[in-house]
Amino acid sequence: MLRNALLTLTTLMLLSSCGGQSTRGQGDGDTLALKYSKLLTIVSHQGYTVADIRNPWHKGRLLHTYVLVPRGQEVPKGIPHGTIIRTPVQRAAVFTTVHCSLLTNMGHGENIVGVADLKYIKIPYIQQQVKAGRIADCGGGLNPVVEKIMDIKPDIIMLSPFENSGGYGKVEEIDIPLVECAEYMEPSPLARAEWMKFYGMLFGEEARTDSLFAVVDSSYQALKAEARKAGEGASVLIDRIVGSVWYVPGGRSTIGQMVKDAGGRYPWADDDHSGSLSLPFETVLERAGDCEVWMYRYSSDHEQNYRELLSDHHGYAQLKPFKTRNVYGCNVEQSLFYEESPFRPDWLLSDFIQIVHPQMTNSAPLRYYKKLSE
């Protein structure tokens, strides 16, 4: 069965080290052979490593250049201009729940000394350490308490960049390297997950993250192959109205790509945005109102039902999947969707495949989504 095969594959891959990545020469350094990422370039030189992040919003520009220099070693002369980070990082302020999750799963939870937006971090270890005073609550991610950050003396601050954000305010003035975690702008789920290799380098875990990514890659490809065998799946509507706007994943977004990999038909598959589209309800209704299945995320202390969903917006009653009761909700408060899925897209793909191919059997139980009840 597929489930047993994937379990066996995962076990075998974890038992073997994939640390010896193949590289190709580039100038006086060796370029890490990344399989999927379109935004990262990592080149290893004698005594240092350079990581370039391309700007996802301005083609042809760099968002940031990092120069990783081992601790205890003098900074080599003639290194390129960029932000110097001493590795392995020992103390990190982490402003995103997904990167808190990745670090704890890497066995580096003790290296997290500060967090932001604590109320959104559903990781028991982080919550416990904050209560015990071993991790500082630095306030909101958009307006953190700079004095607290300075007190904990992190080596780096990990945060997510946004288009036209206007910078990071006072955080940019305290001379602590800002690691701009832009992997969410990658055009595919595996490209996003591949960034774990960069984060592994920061914390001295290249071999571990190389091995983990090999597992994720193989599992994802096996699931994708099974979906292909199942033929064309259902047409899919994603997410819902927030305020007066429906934020629809672009065709080149990780979610848009995942619908395709699952064999689903996506109304915006031909769109070239890697982020989201801000659309009025009427536009979504016209283009996707006849979709066969609807998958959306929400945040609640209880599971939502059709009556509650309709109370959010009366227009939902016009959607075909609402009428046919083929709606799946992902409660991000009661699942680890945001914590797990960016770096384990194979787990999320499994959900997508089961939902767009309901005829498939012998699959693992749904991990994030649940079919709405009356």
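**Note on serine 274 and the overall fold**

1. Serine 274 sits in a loop. That loop runs between α8 (254–261) and β15 (276–279). Keep in mind that the model is predicted.

2. Is serine 274 buried or exposed? Its relative accessibility is 19%. Buried means under 20%, so serine 274 counts as buried.

3. Which residues does serine 274 touch, leaving aside those up to four places away in sequence? They are Met185, Arg252 and Ser253.

4. Now the whole chain. The secondary structure comprises 13 helices and 18 strands. Among contacts between residues at least 6 apart in sequence, 58% join residues at least 24 apart.

5. The overall dimensions come next. For 374 residues, a compact globule would have a radius of gyration near 21 Å. The protein chain has 22 Å, so the value agrees with that of a compact globule. Along the principal axes, the C-alpha atoms fill a box of roughly 65 × 45 × 40 Å.

6. How much of the chain counts as buried? The figure is 53% of the 374 residues, and serine 274 is one of the buried residues. The protein chain exposes about 17,800 Å². Carbon and sulfur atoms supply 50% of that area.

7. Last, charge. The protein chain carries 38 positive and 43 negative side chains. How far apart do the centres of the two sets lie? The separation is 3 Å.

Key: Residues are numbered from 1 along each chain as its sequence is written. This is a predicted model: local features need pLDDT of at least 70, side-chain atom pairs count only at pLDDT 80 or more; totals for chains, interfaces and linings use all residues. Side-chain values use heavy atoms; hydrogens and water are left out. Helices (H or I, at least four residues) and strands (E, at least two) are DSSP runs, numbered from the N terminus. Buried means under 20% relative accessible area, exposed over 50%, partly exposed in between (1.4 Å probe, protein chains only). Contact means heavy atoms within 4.5 Å. The radius of gyration is taken over C-alpha atoms; the globule rule is 2.2 Å times the number of residues to the power 0.38. Accessible areas come from the Shrake-Rupley method with a 1.4 Å probe; for residues, only the protein chains shown count as cover. Lys and Arg count as positive and Asp and Glu as negative; His and the chain ends are not counted. The place of a charge is taken as NZ of Lys, CZ of Arg, CG of Asp or CD of Glu.
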